[in-house]
Amino acid sequence: MKRAAFPLVLLMIFTLLLGGCFGQKTPEDVVGDLSGTLDKMEGYKSQAVLTMETGTTPMEYDVQVWYEKPTNYRVALTSKQRGITQIILRNDEGVFVLTPHLKKSFRFQSGWPENNGPLYLYETLARSIIDDSERQMKMDDKQYVFEVKANYSGNRSLTKQKIWLTEDFKPTHAEIMDSSMNPLVKINFTEFVFNPTFEKNAFDKDHNMSTSSLPSVPTMGKATGEGVQEQPSSQFGVIVPTYMPEGVQQGDIEPVTRDGERVVVLKYKGAYNYNLLESRPTAASVSYEQGMPVNLGFTIGVLAQTGDNQRHLTWELDGVEFTLTGDLPEEEMVNVAQSTYGVGGK
């Protein structure tokens, strides 16, 4: 009789411990409540600090996110190293990458952020918890701590992530780690508000390009006595990336003229075949049929792919526009792009 009762006693003890750890809720109950919170919310505002250690130099961003259901997004990322703010904007017109201090914009049609959403979006964090059937959960200082799979196509070395949520499911911290559990991307949320109100023009492109709340950092030309910047010369030093994928060799560097503008073409051949185009374009607005914003650490790029396995990654750095095109995988394109940061022109 005593032996028969022993397993029942163990079960009762385990149930009491589980209830004490999770506030009388099982992990499945918590995930169900999180899913309900995600479905019911009408939007949010968040403020956070993002730290990226995936490149050669750690990068820090102040990140402000506004989301209004169903598809309005405004993400302002301010580089602490460069003091420059860029905005990823989604509205009924499409998806934009805005660089207000240069009055430059990229527009494209995209499934962003549904496809490969970034860590600083609440939906990305919540969905990664809900969709991972092998998730692990514990309580730490009255917060839910989840360990789940990381699924970021642009970086295969990121395999796991940990996410901290308050009891009312507001995010406080998240980390993406490699296979050795070293955190390579961290985000600390300093503010998070569910269902805020937004100004009528909060997601308007022109308003966000001209907003006075963003820092204006001149990077091209010198100021005249009237305070008006001179247009930059088309001449600039060639910037050679410090990174090349294994099995690739650098070929010729050719200056050409396209649409009246000077363009330098760096050619690479081998395991991958690609070109890097560098120019100082005068066009303020560029449109792509398809694309996706990519955080390169020092700036936001636009990644597009054609049907013949060719990818195009475009980004701006100190007035020079780069376009990397070829058969490189996304992760390798990002590595090449990141290696142009901090490199002087030749």
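1. Two strands count as paired if DSSP finds at least two bridges between them. In this predicted model, strand S17 (residues 300-305) and strand S18 (residues 311-317) meet that condition, because four bridges join them. The two strands run antiparallel. Within this pair, Val302 stands opposite Thr314 of S18.

2. The protein has five helices and 19 strands. It has 346 residues, of which 47% count as buried. Among contacts between residues at least 6 apart in sequence, 51% join residues at least 24 apart.

3. S17 and S18 belong to an open sheet of seven strands, in the order S12-S13-S14-S19-S18-S17-S16, with antiparallel pairing. Its edges are formed by strand S12 (248-258) and strand S16 (292-295), each of which pairs on one side only. On average, neighbouring strands of the sheet are turned by 20° against each other, direction ignored. Helix H5 (residues 330-338) packs on this sheet and touches strand S14 (274-279), S16, S17, S18 and strand S19 (320-326). The direction of H5 makes about 25° with that of S18.

4. S2 and S3 form a hairpin with three residues between them, and Glu68 has Asn72 in S3 as its bridge partner. S3 is also joined to strand S4 (residues 85-91) by six bridges, again in antiparallel fashion. Here Thr78 has Thr85 in S4 as its bridge partner. S3 and S4 form a hairpin with five residues between them, and Gly83 in the turn has a positive phi of about 65°.

5. How many residues of S3 are buried? Seven of its eight residues are, so S3 is largely enclosed by the rest of the structure.

6. Ser46 lies in strand S1 (residues 43-52). Is Ser46 buried or exposed? Its relative accessible area is 5%, and the cut-off for buried is under 20%, so Ser46 counts as buried. Leaving aside residues up to four places away in sequence, Ser46 touches Val63, Gln64, Val65, Phe189, Glu191 and Phe192.

7. Helix H2 (residues 27-40) has 14 residues and reaches 20 Å from its first C-alpha to its last, close to the 20 Å expected at 1.5 Å a residue. Val30, Val31, Leu34 and Leu38 of H2 are buried. Seen down the axis of H2, the buried residues fall within an arc of 95°, so they line one face of the helix. In an α-helix, residues three or four places apart point the same way, because there are 3.6 residues a turn. The face of H2 turned away from the buried side carries the exposed residues Glu28 and Lys40.

8. What covers the buried residues of H2? The cover includes helix H3 (122-131), strand S7 (136-140), strand S8 (143-149) and strand S9 (160-165). H2 and H3 pack at an angle of about 150°, and their axes are 10 Å apart. Their crossing is left-handed. On the H2 side, the contact is made by Val31, Leu34, Ser35, Thr37, Leu38 and Asp39. H3 contributes Tyr122, Glu123, Ala126, Arg127, Ile129 and Ile130.

Methods
Residues numbered from 1 in each chain as written. Predicted model: local features only at pLDDT ≥ 70, side-chain atom pairs only at ≥ 80, totals over all residues. Heavy atoms only, no water. Axes fitted to C-alpha atoms, helices over the stretch in contact; angles between N-to-C directions. Contact = heavy atoms within 4.5 Å. Expected span 1.5 Å × (residues − 1). Buried < 20%, exposed > 50% of the residue type's maximum accessible area, 1.4 Å probe, protein only. Arc of directions from axis to C-beta. Left-handed = near helix turned anticlockwise from the far one by under 90°.
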